[in-house]
Structure formats: structure tokens, C-alpha cells
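This report looks at how the parts of a protein model meet one another. Please keep the sequence and the structure in view while reading.

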Number of protein chains: 2
Amino acid sequence: MVTETKTADVSFDSLLKIFTVPEGPDSTLTQIEASLSQNLNQFLREHIVAEEKPLREIEKDFSSAVIPETASFVSDHTEHLLNTVVSHSVHTSAPTFIGHMTSALPYFLMPLSKIMIALNQNLVKIETSKAFTPLERQVLGMLHRLIYRQDDAFYQRWMHSANHSLGAFCSGGTIANITALWVARNNALRAQGSFKGVEKEGLFKAMKHYGYEGLAILVSERGHYSLKKAADVLGIGQEGLVPVKTDANNRLCPKALDETIRSLKTRCIKPFAVVGVAGTTETGNVDPLVEIAHICQEHDCHFHVDAAWGGATLMSNRYRHLLSGIELADSVTIDAHKQLYLPMGAGMVLFKEPDAMKCIEHHAQYILRKGSKDLGSHTLEGSRSGMAMLLYAAMHIISRPGYELLINQSIEKAQYFASLITQQPDFELISEPELCLLTYRYVPKSIQAALARAQGEQKAHLNEMLNDLTQFIQKRQRETGRSFVSRTRLNPANYDHHHTIVFRVVLANPLTSEEILQAILLEQREIAKQVPTLLDRLETFAAQVK
Amino acid sequence: MVTETKTADVSFDSLLKIFTVPEGPDSTLTQIEASLSQNLNQFLREHIVAEEKPLREIEKDFSSAVIPETASFVSDHTEHLLNTVVSHSVHTSAPTFIGHMTSALPYFLMPLSKIMIALNQNLVKIETSKAFTPLERQVLGMLHRLIYRQDDAFYQRWMHSANHSLGAFCSGGTIANITALWVARNNALRAQGSFKGVEKEGLFKAMKHYGYEGLAILVSERGHYSLKKAADVLGIGQEGLVPVKTDANNRLCPKALDETIRSLKTRCIKPFAVVGVAGTTETGNVDPLVEIAHICQEHDCHFHVDAAWGGATLMSNRYRHLLSGIELADSVTIDAHKQLYLPMGAGMVLFKEPDAMKCIEHHAQYILRKGSKDLGSHTLEGSRSGMAMLLYAAMHIISRPGYELLINQSIEKAQYFASLITQQPDFELISEPELCLLTYRYVPKSIQAALARAQGEQKAHLNEMLNDLTQFIQKRQRETGRSFVSRTRLNPANYDHHHTIVFRVVLANPLTSEEILQAILLEQREIAKQVPTLLDRLETFAAQVK
């Protein structure tokens, strides 16, 4: 623990210095920054304490609600940050951290981020962003073309058009999904006759005008939780987010979708949007987008694709077919901070039609005047940073074929890991990788046999015990700090839809090697042996299963 | 224009390098970063082209929608960025850039930003943020205490409580305002009897259950445009954002508020929230918060204060009284990227009651499990960066008294500028500074006399011509590139509420000197002389005014 006894001078002159005099080359902050710039992985390995400290302990360092009355020296405070914050942060870029969607970042993005922050542009309006505005419009155009493959004339006409917008940059997939459904809702309840549109008159009057009893957004049972949030925020209500049955591979069943839509309609509920998932968060599967698109066309629904995570697959000529049908979507969410290898905070929503966002357009007197090209007139957020520059740079430096290599190796690494798991006598692959995400669990061999024999309550009970085991292994592995896989709860068809806790891995980090994957399985097997009582109970119960 | 002929190798090995080998000390990118780190202002002065290039011209550099098929070298691309993006960006931190709310940034934030980005934490959950989670909770606690001044026991009890939240960090004031009004809406239409609450059943059923014909959010005519967006998104409808009359100082009239609420109620419209503005975007005035709070209490309305810009004034013991009544608010928006001198992307919403956000709580299986301390269970956004670390560092290094000095000098500089303007025979102060924002315009002396005499249409016509003049001066000054003031359109009481275009300045940059302010007025006077025809027309018309 650092006890800060020295306090810095607080005078206006000393304050002016922090705005005008940079940290000297020998300052602690400069040195820390230099060491991180020279070798990020080594820096993080040295400074992040591997073994987990309980959260309650960490909280002690962050317990005062008083804003300091005395100023700290930059060097002292930097030391303090190193000891209390960096040391107990998470090494999200470690090749052994395969539990979530964060990966290693390309080195060039770090100095570029600093330049972006130093420029401190605000993309809400041209007056505070100038070249960043056409740059962001171009980046959106590039992503639009990646999805929709329109011709040059299309982009020449619309990409920089003041009253049109091919999409919006935002902080992440959640805002992107909300934006897409906001547009879908407003277009579904647009002005008609004396009704001025939901954006003006609100949902209650819109429902009465159109004579609907309810609104619905349909998505597979595996849809991301942000959609529930979207349904709440937009006034649809969480019950208006209607889950549609999935098949054994976690993909939405088109037939069930069609039936659900028809049944909603007979109850006078308007299904205004269907969300197809291109890369479910928990299992990485892709919905049958072409079939969903046709159903949406037939029923006049907005078709949104949540490709926050999987959208980057379009960069791969080898695998983009996995997302076929995405070009039929009315809107698509893609996060650049997932498989496009950008730092946190780079979400996007793209719209097929350049005038789709008209229904959420807004203006103000001092900015966003009508006819201006200010990006803020078509975004949910207001002030925003110049994050688009990082994606612009990454697309130029990595290039489309470079992204393709990254995507391909991720997918193929997941295929390798899946086959490695199935080769083990004591591991079970729960969901096959379609992209670079899979789930599995540890099941001692003897238990597997019992599980195959078991029925009804016995099977359920075995599963419950296995859930405890999986949870134990996952937590212990995380706490030990060598590697990290995440866990989630599925209801697989081949387990009678029992709640099944599974390990979940995302293999997007190009530095994750096959050796690391082998070691992770070994470690999990070792950890299992640390709970002999639980294993004994499992064995004993399994022996009773006839 | 840079023509990139060299292309980099695209192989998996070369790609691995960008994730493992940092830019060398002699690389263009390292050198650019170093020169920016050594003297940001000089770097920007040297690299940003002062004179404005027309947007149409700039767009030519950003006209292709094709993601490059060949990879660029980092050094080449950095040069390209310098020539096409940096050169035509906006020098928002220049002391002569006083048109918007961006200011110079403390130097220490730039290396810290790079560290924050390199750590790439995701604050949605503890598994990807660990110490950053208690850190963010502490930062929210500090801001909460700055506003609400609860005792230590309060913060000890609630700051780190898993099922409570003192607020949320977000990308900016717009998301903060939407979050506050989302909470207000859900609390106003909460579960009751068989009705499960608006978050579950949606707005239509909520309205029918409660028997309302409409919902209303009340705010002064000077409220920020983001509130209109919020009303739209939340399903209230823009017409549900009811503007309340302001006095001659742009402050909401409490009497008018009370009357409007009563009148809405008689029409069975539920006024569920009132927004007080603490620092209007266009004139910098603060609504009478105490009186608004009492009216809200009487009518059982959620009282939100939009202090996105002005909230930082609470750091000043000398001036915090200007915001008195803010401690009575149910929720408050503050942007750290405005007067807390952080880079873009640091908004916050604070809630008086630790359980206010319960009504927007959500969970998922793989994260945000019930009882977890994951921050994502109480935010509109999902994945988020560790921006809170920058505010944490700034509050320690600048300290509360340091922020006070910054705030005080801004306010006093605005007072100086106001008196400088009133001393000029040919300038008119339109709105007095209450904080560090004021508006004014250039009116030749002879025209002032005529304006005082003029009535009705003559006055309106004179004002129209003056609007043209103001607009011309503002545009030309921006294009010349020495300095930047913004413009907006007001309807001042002493001009019979005519549309009046004014210059708008925000004096938060500590490097803006009195000499700079003097020079800005001189430059505006000079620019006016560049349009003799317009001045002649003004003189001729003024001479006719009896």
C-alpha cells in the first residue's frame, strides 16, 4: 500500500504547468509508459499480480468517497496506480485469457490512441472534428460495403450525403442494437394521416393510431441480453422480446419464427423487428439468416443482425459464407473492439438504406443545423471521440487479407481445440465451434457411462453434481491466475434441456497457441482432482445408476 | 496527397509481429508520438493547417468504400494520417478555440490514456476489469458525495454494495440523461397489483394500467437537444418534452412550471420528470434548482439536473452556491470531458438513492449474475473502457482545491470578458455569464442607436441584417483559423424575442489569456469591415429609422 505523504503545490501557476509542461523523460509516468510501449506483455506479466486477491480486499484501496483535498505528484500517483489498480487489473490480452472477447491489440494502436486522445476531437459536429467527420463516414462506408456490397456509384452518392447516413459509430454493441431497434420502431410506427409518428407523439398514441395491442421483437433464445435492455428502454417492455426456439446447434428455427409471428399477429401484436444473431455470445452459432430474411420480407418486419462479435468474419473470403444472408438485413451491429482488434469502445450499426435513419434525425440551433454534415444528427450518443481513426488505421495497416488471416486462424484454432477436447476420454464438447467460440466441460470417464445410462431424476442429479464440478474448476482456474476460461449455463437438447454449466472459450487472440490449449485442459483435469469429495460423491452416485 | 505505393507483407508471421513487436524508437509513429508528448501545442500548431480547407475538398481523401486489399507500412500510414487527418482536424485545445466545451488537457492524462488503452479492461464485468470495478464505484461515490454530501457511513454502506449503485459511467451526457429519464420513467410506471411494471410489460400496457393519456418531461426552453432524443427513444415522444418558459436570464420560471404541471394533470397527462439545467449549453445559465425541487416534491415528479457542463462548479467552494438545490435532485448528469478536463468519452449519471437504479437492473447467465458486483447490471451501455481511471487520477493529481482554482479562474475570466465587451462601443453583451459561458454580438455604434429607436417590423428587419453580419463574422473567423467562437440563435426578451444570432464563447481553457480575448474582439471588428456592402445596407436602413 502506498501512503502518500508528499503533497504537490496547488497554485494557479502550478496548475498551468500540468497543461503546458509534459512529463520529463525521467518521470515515473514516462518510464512506465516507455516500458509498456517496449513490451506490453512483459509489462503486464510483471505488474499484474497473477494470483487473485479477493474483491473485498481490493475494495479497501477504494473505500473513501472524499475527493482529495491535497494534490499528489504525478510520479507518486503513478506508483500508486501501479500498485493498486494495474496490479489487480485483468490481463485481458494474455494468450491464456480465452474466456471473453477481449484479445491482444496490435502495437501500433497504442501510440495512435494517444494521438487520437491528444487531438481530442468531438465527432458530434464538424466544428470540433473536421477531417474526422469524412473519415468516420468513410469507415462506415467501408463496413457497409463489406456487408452489402453495393457498387461504387452507391457510395459516391450516399457516403458523404448530408441528409443521409449509412450507420453510426457508437461506444459498443448495446448502443448499436438499441439504435437499430429504435430506427425499426420509429419506421414501423411512422407518421400517417393526422398521426405525426411515434418520435413526435410517443408510443401510446402510436399504438392507438395503428390499433395494435402490443409490439414484439423476435430473437432466438440465445440472443444477447442487450436486446432485453433495448426492449425495456424503447418502451416495448421485456415481455415484448419474444424468444424463438433454437435447434440442437443453438440456431433459431425458421419454422418456429414464422409460427410465432403469425400467432402474435392474430393477437393484434405487431412483430416489428426480428433479430438474427451472427455469433451468439454464449455458443458462437449463426442463425439461418437467409431464411429469416425471407420471413421478415413476408411479414414486413425490420430484419436486424446482431453481428457484434461475428461480423468481422466477413473479412474472410474463406468463411464469409458462414454469414450469408447478412446482406439481406436492414441493419447490422458490428463491434470493432471484438474481432477487429480495436481497444474497448468501438461499436457500429450499419443500415442497408441510406435514409433509414431519417426517422431518428434531430437538430439543434448551435450545431446539427439542417443540411449540415454533422454526424451527431443521426446518433443516439452526443459527444463522441475520434475512435473511427483507429479502425481506419487498422484497416489500412492490417488490410482486408490480413484480417482474413486473423479470422481464419481463429476459426481453425477453434476446430483444433474441439478435436483436442473430443480426443480426451474425460472431456465433453458441448457446442461445436462454428466460428471461434466453443463450450465444453470436464466429465470423468466413469461418469460419462453413467450419464448415458441415467434417466429422469438420476440424470438431473448427475448433471447437478457436474455443474458444481465445472463451476469449481472454472473459479479455481481463474483464481490461480495462469489461465482463464469463462463459464455459462446452457440447456442442451441432448441433456433433456437440463441446466448445464459449461466452460466457454473464445479463441480470437492470435497469440494463443496449441500448446496453451493443451495446458489448459491439463490444468482443468488437475484442478478436478483437488475436490476428491465431490468426485467421490459423483462416483458413488454413478455406481447406483442402473 | 500521399500515394502509397509500398505495400507491407501479409503473412500470418508478419501479422503476429504487429501483436508482439512494438514500433522501434526510430519509427515514424514513435517519433510523432514523441514530438506530441514533448509539446502538444507546438505539434498541433505545426501540423494542423490553420486556414480552413472546404469540406468537399477534404472528402476527396475519404472517398473510397473499399477496405484496402494491400497492407500499408505503419510508418507510411502514419505519414498519411498526418497529412490527411491530423492536418485537417480541429485544434480544440488551442487557447483561442473558445467556441465549444473542449479545452486543453492536462499532460499527464495522455500517457495515462495510453496505459488505460493498453490494459484494455472491459468494465461491464469484474472478470474483465477486477480493480477497475471498485475504482469506478469509488469515483462514482466521490461525485455522489460532491453533489449530495452524505456522511461516511452512507458511502461505506452503499458504494460497493452488489445490489446497489450510486450511478453509472457512460460515454457522455446524452447517455447519462437518457439513463436518468429511463430510471424516472420505470419508477413512475412501476409494478402494481397484477401489472408487472413498464420494464416488463411496456409503455402501452403501463399507460392503460395507470389510466394516463400521456407522459411528460418538463424542461426549460433552453434544455439540451439530447432530452428530445431521450423522449423519443423512451417512447414518450418529442411532444412529451414540454418546454417551460424562461425569464430574461434564460432560467426556468418556477411559476410557469407549476402551472404547466397542473394543466398537464387536468388533461390526464402524467408529468413524471422535470429536468433542471445547471449550465444551459447555449447561455450557461442555471435554473432555480431549489424552487424546482419543491415543485417536484409537491407533484411527485422525478427531479433530474442536467449539469453535464456546469456540474464541475461544485468543486469550487467559492461558486458551488450557484448550483444550490442540486443536492435535492433525484439524479444528476455530469460530464468529466467538459469542465473536469478529461478527454472525450467520460459522462456520468448519479442517483441520490442507492436503489433508484433497481428498476433498470438486468442479468445474464454468463455475466452480471445476481449478487455479482458487475457494473454492467446497472448501465445502459454494455462493454465499456476503463475511463474512470483517468478521472480517478485527475482528482488525485489536480485535487479538489486544484479544480476549484480552475473553475474560479474560468468564471472570473468570463466576468472579465463580459466587462470588456460592454466597454466596447460596438459590441453588445447578449447574455451575462453566470458560469464561464456568455453570448454577444457585434453591432456598429450607429446601428445600436437605431435599434433602440426601432419598433416592430423595422426592428425585426435590423435584427435580420445583424444576424447576417454575425453569421458572416463567425464563419470567416473560423475559416481564417486564428481563433474560433461558435454561434447560436437565441430569442432574447429585450429583443421582443426575435431570433437573434449571437457569438457564443466558453472560457474553460486555462491557457486562454485576457490578451487573446482582446485580440478576438479586434479580429471580429476587422472582419466586419470586410463586408462594406452589408454594413452600408445596415447604415442606410438605420438612417431611415425614426
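## Where the two chains meet

A salt bridge is counted here when a side-chain nitrogen of Lys or Arg lies within 4 Å of a carboxyl oxygen of Asp or Glu. The side chains of A:Glu239 and B:Lys196 form such a salt bridge, with 2.6 Å from N to O, in a model that is predicted. Between chain A and chain B the count of salt bridges is 14, and 62 residue pairs, both members at pLDDT 80 or more, are in polar contact across these chains.

The size of an interface is often given as the accessible area lost when the parts come together. For chain A and chain B, the area buried between them is about 15100 Å², and carbon and sulfur atoms carry 66% of it. In terms of residues, 169 from chain A are in contact with 168 from chain B.

## Domains within chain A

The domain assignment divides chain A into domain 1 (1-89), domain 2 (117-397) and domain 3 (409-544). The C-alpha centres of domain 2 and domain 3 of chain A are 35 Å apart, and the contact between these domains involves 20 residues from domain 2 and 19 residues from domain 3.

Domain 2 and domain 3 of chain A bury about 1500 Å² between them, with carbon and sulfur atoms giving 53% of this area. Which three residues supply more than any other three of the area that domain 2 of chain A buries against domain 3 of chain A? They are A:Glu282, A:Trp309 and A:Tyr319, which together supply 32% of that area. The polar side of this contact includes 8 residue pairs in polar contact, both members at pLDDT 80 or more, and the count of salt bridges between domain 2 and domain 3 of chain A is 2. Elsewhere in the description of salt bridges, the side chains of A:Arg251 and A:Glu434 meet in one, at 3.3 Å from N to O.

## A strand in chain B

Strand S10 of chain B spans residues 486-490, and because 4 of its 5 residues are buried, the strand is largely enclosed by the rest of the structure. Strand S10 of chain B pairs with strand S11 of chain B (residues 500-506) in the antiparallel sense, over 5 bridges. Within strand S11 of chain B, B:Thr500 is the residue that stands opposite B:Leu490.

Definitions and conventions: Residues numbered from 1 in each chain as written. Chains lettered and ligands numbered in written order. Predicted model: local features only at pLDDT ≥ 70, side-chain atom pairs only at ≥ 80, totals over all residues. Heavy atoms only, no water. Buried < 20%, exposed > 50% of the residue type's maximum accessible area, 1.4 Å probe, protein only. Helix = DSSP H or I, 4+ residues; strand = E, 2+ residues; numbered from the N terminus. Pairing = 2+ DSSP bridges. Domains from an automatic or database assignment. Contact = heavy atoms within 4.5 Å. Buried area = accessible area lost by both parts, 1.4 Å probe. Polar contact = N/O pair within 3.5 Å; in protein donor to acceptor, adjacent residues only side chain to side chain.
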